[in-house]
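Hi there,

Here is the structure I promised to send over. Have a look at it first, and then read my notes below.

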Amino acid sequence: MKKEKINQFLSHIPKNALIIFIVIIWIVPTFGLLVTSFRPVQSINSSGWWTILNAPVGSKEYATYCEACHGNRGDLLPNANLGDPELISKFDRSVLLLPALAKEIDGAPHMKDVPVPNAQVVADIVVHLKNISGLETRPRVTLNNYIDALVGYRGTRTYTQDCAEDTPPLDINCNLSDLLNPRGMGRAFVNSLFVTIPATILPIILAAFAGYAFAWMHFKGRMLIFAILVGLQVVPLQMTMVPISRIYADLGLNATFLGVWLFHTGFGMPYAIYLMRNFLGSLPRDLFESAYLDGANHWTAFTKLAIPLALPAIASLGIFQFLWVWNDLLVALVFLGGTKPVMTYQISNMVSSLGAGWQILTAAAFLSMLLPMIVFFSLQRYFVRGMLAGAVKG
Amino acid sequence: MGTKAVPKIMRQGKVTPYYYLAPAILLMIFFIVYPMINTIQLSFKDRTGLESAATTCVEGNPCWGVFENYHYALTAELNTSTFVTLWNSFWISSYGNTIKWIIFMVAFTVLIGLVFAKIVDGIKYEALSKAMIFMPMAISFVGAGVIWKFVYNYGSQQLQVGLLNAIITGLGGKPISFLTTPVLNTYMLIIVGVWIWTGFCMTILSSALKSVPDEIIEASRVDGATEWRVFTNIIIPMIMPTILVVITTMVINVLKLFDLVYVMTGGNFHTDVIANRMYTEMYINFNMGRGTAIAVILVVAIIPFIYMNIKRLLAQEEMR
């Protein structure tokens, strides 16, 4: 019996290894981004995210070359206290420190019989000295990237540092109003919510009405209109944007939230109706018949019977539409642009204009994923159900 | 047509349905039907949408009259001097790239999705591992673009902070600039697409796998069929309709794909695809005629799938 179990276990190893392999490939890129978003900028640019658990830069070199005399924290020698930021500021680059190491002190070499290290090692030691003296601390993890991304900080240091020393860039006020800086992700988050919530609720309401009519009302051309609607599901956004932006220009709806709400509602309609109609149509016939025998009409059947029963479908649809609008770039790019930047727009803008500003980019990307991730992991069931119901969408 | 009958007692006045339908239908007409017609009209006009496209023809050059925008859209990226240059330029044009996207993205998403759905079927951590593969579906293409741009990051010096180049240099290779090296870069973008969409295929195929009756599988096992033969000869044919639906859905998705290319390369370095080229013509070059002509080409490519969708719907209705 036992042997059988072991054999069974062994035969599953290749399968399990394959599963683990695929899962790891799938999550490592996102994990790397998450780790990076919490690292200070100097670390991001000088080492890969997978080194985050390694010893800090220069600590090993310091231990080899300096610790014996200066001590672990650098304050063992009273007349050469390496914990003093003022002293370290005089040697804050390897070209400044190197001569000091090569110099003689009281007739004997600074480093005694230890050979003077090369420039790269000295540079690493400088990083460590700055760290222990507090001149330029480099913590393993920091929230600075998130703060900088939220307020749209584009200086050369960090928002916290600049504000502490009262030298902020022009568009930074160093108070809560920075959260609404048009270049920041804080403002973009608010805009994204502003776009997404009405653009999710509106289509659900309209689709519930239309879906009910398709499922439980009798009218001419019911099937024909529905077939057309199914065809419309796959019309690409690109096919409709140009005329709409021309009409919007005439109506003054370009760069307004209303314009985007209406566009998402109109465009989301075919899929939303399709989903609602299929769900409502699958409800038992007897239910509606007996409601009618009890004197119900369409309005009461719709509000008292169909809507409460359709809540799971409404949840699926809501999640789908929410994620679709939240993650959309094209509509936001064309109809809102930079006047009311949403998160996707802001990030795509950072990618092209910031180049390699990974510290802000990674934090910004994660901020934009936060809400979808929460929605996804808490309501995954409904999301999957909505997708299985036939997810072919704009 | 397979119209499902509404109970007699529920028959209502002729106008009532339209109270329920009107807002939705009006919105769809305004936002989808009318713009489609207008887009087709505009594709025969010049960059401003006022004059006929024929006026943009240049003396002495080949001209397709009112179809001049289509002439431009179809041939501008091609080098027609010899057959070889035509062939080569086609495969780095937005059309060639879109075809690459369709072939490789659809093949890999469906294949990996199917294999993964099969091997996790019934294991203890099925839900968790499926959630991990599915997770990229919840984030935006923009977010995915940033994630993978970082994976592909290329440091020109010794130091590599991008995971892929760190692995390559760690194994003794030379770092590669994945996103700016033509031909390779399109495939690197397709990998990102596969990463995003495999979860979609996996979820749908997984639910199809679960709907295959156990008795059939058991019966063939009793007859001595190996697991592999059960999978290829019994299960795959049974879920073939679902596989086809997934494939058509994926082709449509790929044709419309814009964000990923826009964020990661902007369509530069020969990574352009039809959907991004339309955006470039329309909103960067501000050429309405050319932009809409490309949009029309995109829709023409999608029409067969619209047709298949409707046919599938009607078949479903028959079964009800």
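Which residues in H9(A) and H20(A) meet each other? From H9(A) they are Asn145(A), Tyr146(A), Asp148(A) and Ala149(A), and from H20(A) they are Gln359(A), Ile360(A), Thr362(A), Ala363(A), Ala364(A) and Leu367(A). By class, this contact has six nonpolar, three polar and one charged residues. (Nonpolar covers Ala, Val, Leu, Ile, Met, Phe, Trp, Tyr, Cys and Pro; charged covers Asp, Glu, Lys and Arg; the others, Gly among them, are polar.)

Before going on, some housekeeping. This is a predicted model, in which local features need pLDDT of at least 70 and side-chain atom pairs count only at pLDDT 80 or more, while totals for chains, interfaces and linings use all residues. Residues are numbered from 1 along each chain as its sequence is written, with chains lettered from A and ligands numbered from 1 in the order in which they are written.

Back to that helix pair: H9 (residues 144–151) of chain A packs against H20(A) at an angle of about 75°, with the axes 8 Å apart. Axes here are lines fitted to C-alpha atoms over the stretch in contact, and angles run from 0 to 180 degrees between N-to-C directions. The two helices are therefore roughly perpendicular (65 to 115 degrees) to each other.

H20 (residues 358–388) also matters for the chain pairing: with 13 residues, H20 gives the most to the side of chain A that touches chain B. In total, 79 residues of chain A are in contact with 79 residues of chain B; contact means C-beta atoms, placed from the backbone, within 7 Å. The chain A side divides into 53 nonpolar, 22 polar and four charged residues.

Now for the overall fold. Chain A has 20 helices and two strands, taken as DSSP runs (H or I, at least four residues, for helices; E, at least two, for strands) numbered from the N terminus. Its radius of gyration, over C-alpha atoms, is 31 Å, well over the 21 Å from the globule rule (2.2 Å times the number of residues to the power 0.38) for 394 residues, so chain A is more spread out than a compact globule.

Inside, 43% of the residues of chain A count as buried, that is, with 20 or more other C-beta atoms within 10 Å of their own.

Best wishes

Methods:
Contact = placed C-beta atoms within 7 Å. Buried ≥ 20, exposed ≤ 12 C-beta atoms within 10 Å, placed from the backbone. Parallel < 35°, antiparallel > 145°, perpendicular 65-115°, else oblique.
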